[in-house]
Amino acid sequence: MSKELQRELADAAERTGKAKNAIIIEALVQYLQAMERESLAAEARRQSELVSRNEQDADWYGLADTSGWR
């Protein structure tokens with residue numbers, strides 16, 4: 001971690017009264033949640049494009065690629 005980032009983290013910890021570790025964990029959780037949302041949005045876009053290329057087909061459910069779904 002750069003010295004500048006260490007200083008910013010220490011300043012944030014002092015301002016908020018939170019431990020540096022708590023700030024890092026909170027930031028990591030937010031980052032991972034954003035990554036998950038982006039992944040879901042990308043899959044929704046992919047599925048939407050798949051269906052829009054085949055709009056004339058009545059069986060939209062049959063067009064969905066569910067192979068990677070859990």
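Residues are numbered from 1 along each chain as its sequence is written, and side-chain values use heavy atoms, with hydrogens and water left out. In this predicted model, local features need pLDDT of at least 70 and side-chain atom pairs count only at pLDDT 80 or more, while totals for chains, interfaces and linings use all residues.

Me: In what order do the elements of the protein chain run from the N terminus on?
Reply: Helices (H or I, at least four residues) and strands (E, at least two) are DSSP runs, numbered from the N terminus. The protein chain has three helices and zero strands. The order is therefore α-α-α.

Me: What share of the residues in the protein chain is buried?
Reply: Buried means under 20% relative accessible area, exposed means over 50%, and partly exposed lies in between (1.4 Å probe, protein chains only). The protein chain has 70 residues. The buried share of them is 10%.

Me: How many salt bridges does the structure hold?
Reply: A salt bridge is a side-chain nitrogen of Lys or Arg within 4 Å of a carboxyl oxygen of Asp or Glu. Among the pairs that form one are E4 with R7 and R45 with E38. The number of salt bridges in the structure is four.

Me: How far apart are the closest N and O atoms of E4 and R7?
Reply: Both residues lie in helix α1 (residues 3-16), three residues apart, about one turn of the helix. E4 is partly exposed at 36% relative accessible area, and R7 is partly exposed at 48%. Their closest N and O atoms are apart by 2.4 Å.

Me: Is R45 buried, partly exposed or exposed?
Reply: The side chain of R45 meets that of E38 in a salt bridge, at 3.0 Å from N to O. E38 has 43% relative accessibility. R45 has 44% relative accessibility, so R45 counts as partly exposed.
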